[in-house]
Protein chains: 4
Amino acid sequence: MKTSYSSKSRYKRRILTTINKADGSDQLSRGFDIFIMALIVLNVFAVITETVQSIQVRYERVFYYFEIFTVIVFSIEYVIRLWTCTLIEKYRHPVWGRLKYMFSIEAIIDLLAILPFYLPLFFNMDARVLRVLRLFRLMRVFKLGRYFVAFQLIVTVMKKRKEELLITFTLLVVMLILASSLMYYIEHEAQPDIFTSIPATMWWGIATLTTVGYGDVYPVTPLGKLLGSVIAILGIGVFALPTGIIASSFERELSEREKNRKTTRQHEGK
Amino acid sequence: MKTSYSSKSRYKRRILTTINKADGSDQLSRGFDIFIMALIVLNVFAVITETVQSIQVRYERVFYYFEIFTVIVFSIEYVIRLWTCTLIEKYRHPVWGRLKYMFSIEAIIDLLAILPFYLPLFFNMDARVLRVLRLFRLMRVFKLGRYFVAFQLIVTVMKKRKEELLITFTLLVVMLILASSLMYYIEHEAQPDIFTSIPATMWWGIATLTTVGYGDVYPVTPLGKLLGSVIAILGIGVFALPTGIIASSFERELSEREKNRKTTRQHEGK
Amino acid sequence: MKTSYSSKSRYKRRILTTINKADGSDQLSRGFDIFIMALIVLNVFAVITETVQSIQVRYERVFYYFEIFTVIVFSIEYVIRLWTCTLIEKYRHPVWGRLKYMFSIEAIIDLLAILPFYLPLFFNMDARVLRVLRLFRLMRVFKLGRYFVAFQLIVTVMKKRKEELLITFTLLVVMLILASSLMYYIEHEAQPDIFTSIPATMWWGIATLTTVGYGDVYPVTPLGKLLGSVIAILGIGVFALPTGIIASSFERELSEREKNRKTTRQHEGK
Amino acid sequence: MKTSYSSKSRYKRRILTTINKADGSDQLSRGFDIFIMALIVLNVFAVITETVQSIQVRYERVFYYFEIFTVIVFSIEYVIRLWTCTLIEKYRHPVWGRLKYMFSIEAIIDLLAILPFYLPLFFNMDARVLRVLRLFRLMRVFKLGRYFVAFQLIVTVMKKRKEELLITFTLLVVMLILASSLMYYIEHEAQPDIFTSIPATMWWGIATLTTVGYGDVYPVTPLGKLLGSVIAILGIGVFALPTGIIASSFERELSEREKNRKTTRQHEGK
């Protein structure tokens, strides 16, 4: 597939390979990857620590300039990606290809990572909306998905086991509804302020069936305790199903990949 | 198996295939399935939200008319099923076949789904019984069993692993009795109001062995804490047994089904 | 192995097969098994319900006569077993064989099931010791071990996996000690009344590592919370090891037995 | 590999085999192993019980002399190991070999086990540092690693599954960050004193996702409860991944070792 590019095209391709995940020994590309990943991790760290009052007051300016720096870098990255995407086969068309790229999950995540900064500059927003927008900065963590195989793996596993997960999820919801409804009818009279309605009782249901058991809600009547015991024993099995399915699929996926890698290595005579 | 039916019989058969789960491309049957499933889901949603005081007051009439609509639809469905069941081989006899059908699990669930509405019309009932009857409306969720393979799957798994589940359940009960009895004898003196009797102590036993741990009951004496620690470590293993058995059986069942499906598809040359 | 017995010996053998677990179609032996099992279950039920004040006051005489009846039956059973045990090869000697039988686990359990009744008749005992003796009546539940395969199964599994369980138990203890010691050094100053010493902190360790989490003890300092988080994530894995090992061994044992049974059946041409 | 040693060298070798883990029927070496192991276990027991005020006051002198005895024994052991290590191929050089040995994990653990005693003799230390030094005495438990295969096993398993553990750990951290951040934005207004910042909310995140659920922190708003429910269901699966991976690897490792042992035994014609 050797093609001859104009010097501009060659320049463009060099940029594309640089900003994409480094494949082998491309030092510049690797450096760029590490720079972006470090920036993402630092951003997540900033969003988290910023909520600590004492730190926020002290380093307000640092956080501010860091945010601006981040947005500039991520904006440039976004523009470059949009410019170079035409080199990829399926986004080849200069207009429709770019539009198609803009609606890929990858590009949407990239956009959501910078949009919360630009929006308040153009629109009037009240404090509430601004707070939600700040939260959206956490979307930046998903930009890591490009570099980490872990995220792609979990998506693969979930796609493969879609049907099983759907089945167990249905069971789980039915179990939760039945358990909470029964408990509501039994405990409502004894604790009308806590077991106010079936949706409210579901909070107890979740805490019990996941075995978290905060202890803010629990039955007090003998019948309620009896039911709670039966539900705990029966229901935990149902709630453990998706966990078991994901865990075993995940492991099988990983061991298959390892096997493939070994086979490939043997073929390469290594 | 081509048979010639009278026009009435053909009409009846058309109705049977329509109300049964759609097999392939039968649009009418599919539509009917979706309608019934939607009605069931909405009913469950109604039973749940109805218990929220504010919603109940506001939409009382909506809930009332929806209930009447549901009962009418489910009653017609029940009657049609009873009428057409004679087309199924094992319920062929017009009287005994229908009686036999009426006592199938499927038909009993269908009946329990509508009975709570009719009973108060014919019998005098006090408020307490009425409340329990309202609860029975939740039985409607089991009507979904006809459409979802998940419910049938869990029944299959439990039948196949009946013996293992019985064994582990015996162990679990013995473990619970021993743990609770010991804890009662140790903690009764220190907390006579909480560890009042062995049955009462079993509430602690369940909360500990399932690892829910609400925190309403726990030992306070050093000896009680020591015993509680030993029981927690030993007992959790026993309580995890049925969970593990169900989870692994469930998965094996699902992967076997998938294999069968693949084999069938290959035979069909696809 | 056909031997001719004197009429006394034949009579004795008939009694032995009757009191032992029924093997096939021996109706008398089966009846005896069910009678003893029912008596054991009722006894456990009695020991449990007796601790409920209201029931105890009301049915005191019933509990008393039931206890006497139980002890008489179990005593006769014990004497018969001791008398007939000489028919079993390894207990053949009339004196040493019987003594050897008396020290078998089975016979010790049988003795402990009746001893708590006789001891106070011969010795002066204060209330405290008497209460502990009452607890010993629960030992009767282990008499079920003769009839249920479940108990034998768990013993088999534990013997087979002795080494693995020992290893994981060592890890578990080391993990508990390190976690509790670290937490003690960190939290002792902030909560001197709760984290009083390392052994006291172990109660927190157990509640956390088994994920029971009653909520009576938890770190409050930031450093303590950080350590608690790390320990929870690391330690739960270690504490899940024995559970996983027992669960998977148990399942493998059960499926092997099933396979053997199938093979046997095929050999019998069934 | 028969070599002739000078009498000194033979003497030295005898000491080395004695202090190393006994291989077969070497009674002296076995005795030494048991002595050191008992000393380690007693030390850990001492460190733990010493923190109980009443015991510490009563047996202060016993603890003191036991500590001195321990340090003397462990110091002699350390010196002997350093002296004899030159007999091991890779530490053969009298100076560099010994230096290399000093920086092996084994030797560092041995040093850390005695250093906390010597340091305060040579340096002036305030109470705070002294307390941390006392904690370091717990490092002695790791000296057991030489004798127990369990510790080596867990290290092996973790090395083999390094990649999987890294992946799941990444997922776990991302899950924790997202869950805690969302919960912080939702609950901060309703409970500003408890959900003070995202790092503080992470304490809730850990307690929920590990299902410990102490009950000191939990959402109270309907939206917070809804999110908490979704997170509990989704997140527990992710947090169960490393546990599942370690458990299954651990088991596979153990069964492989057993198989190898059996094969070896067969080769030896046993």
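This is a predicted model: local features need pLDDT of at least 70, side-chain atom pairs count only at pLDDT 80 or more; totals for chains, interfaces and linings use all residues.
Residues are numbered from 1 along each chain as its sequence is written, and chains are lettered from A and ligands numbered from 1 in the order in which they are written.

The contact (heavy atoms within 4.5 Å) takes 43 residues from chain C and 34 residues from chain D. Of the area that chain C buries against chain D, 18% is supplied by Ile167(C), Tyr185(C) and Ile233(C), more than by any other three residues. Between chain C and chain D there are zero salt bridges, a salt bridge being a side-chain nitrogen of Lys or Arg within 4 Å of a carboxyl oxygen of Asp or Glu. There are four residue pairs in polar contact between these chains, both residues being at pLDDT 80 or more. A polar contact is a pair of N or O atoms within 3.5 Å; within protein, one must be able to donate a hydrogen and the other to accept it, and residues adjacent in sequence count only if both atoms are side-chain atoms.

On the side of chain C that touches chain D, the elements giving two or more residues are α9 (162-187), α10 (198-209) and α11 (222-267) of chain C. Helices (H or I, at least four residues) and strands (E, at least two) are DSSP runs, numbered from the N terminus. By class, this side of chain C has 23 nonpolar, 14 polar and six charged residues. Here Ala, Val, Leu, Ile, Met, Phe, Trp, Tyr, Cys and Pro count as nonpolar, Asp, Glu, Lys and Arg as charged, and the others, Gly among them, as polar.

## The contact between chains B and C

Chain B gives 42 residues to its contact with chain C, and chain C gives 35 residues. About 3300 Å² is buried between the two chains, 73% of it on carbon and sulfur atoms. Ile167(B), Tyr185(B) and Ile233(B) supply 19% of the area that chain B buries against chain C, more than any other three residues.

Zero salt bridges are counted between chain B and chain C, and three residue pairs are in polar contact, both at pLDDT 80 or more. The elements that give two or more residues to this side of chain B are α9 (162-187), α10 (198-209) and α11 (222-267) of chain B. With 13 residues, α11(B) gives the most.

## How the copies are related

A rotation of 90 degrees with 0.0 Å of shift along its axis superposes chain B on chain C (RMSD 0.1 Å). The two copies are therefore related as by a four-fold rotation axis. They use different surfaces: 10% of the contact residues of chain B recur in chain C. Superposition is by least squares on the C-alpha atoms of residues with pLDDT of at least 70 in both copies.

## A salt bridge in chain A

Over all chains, the structure holds 35 salt bridges. In one pair, Lys143(A) forms a salt bridge with Glu77(A), and the closest N and O atoms are 2.9 Å apart. Lys143(A) lies in the loop between α7 (127-136) and α8 (149-160) of chain A and Glu77(A) in helix α4 (residues 60-84) of chain A, so the pair ties together parts that are 66 residues apart in sequence.

Definitions and conventions:
Side-chain values use heavy atoms; hydrogens and water are left out. Buried area is the accessible area (1.4 Å probe) that two parts lose on being put together, summed over both.
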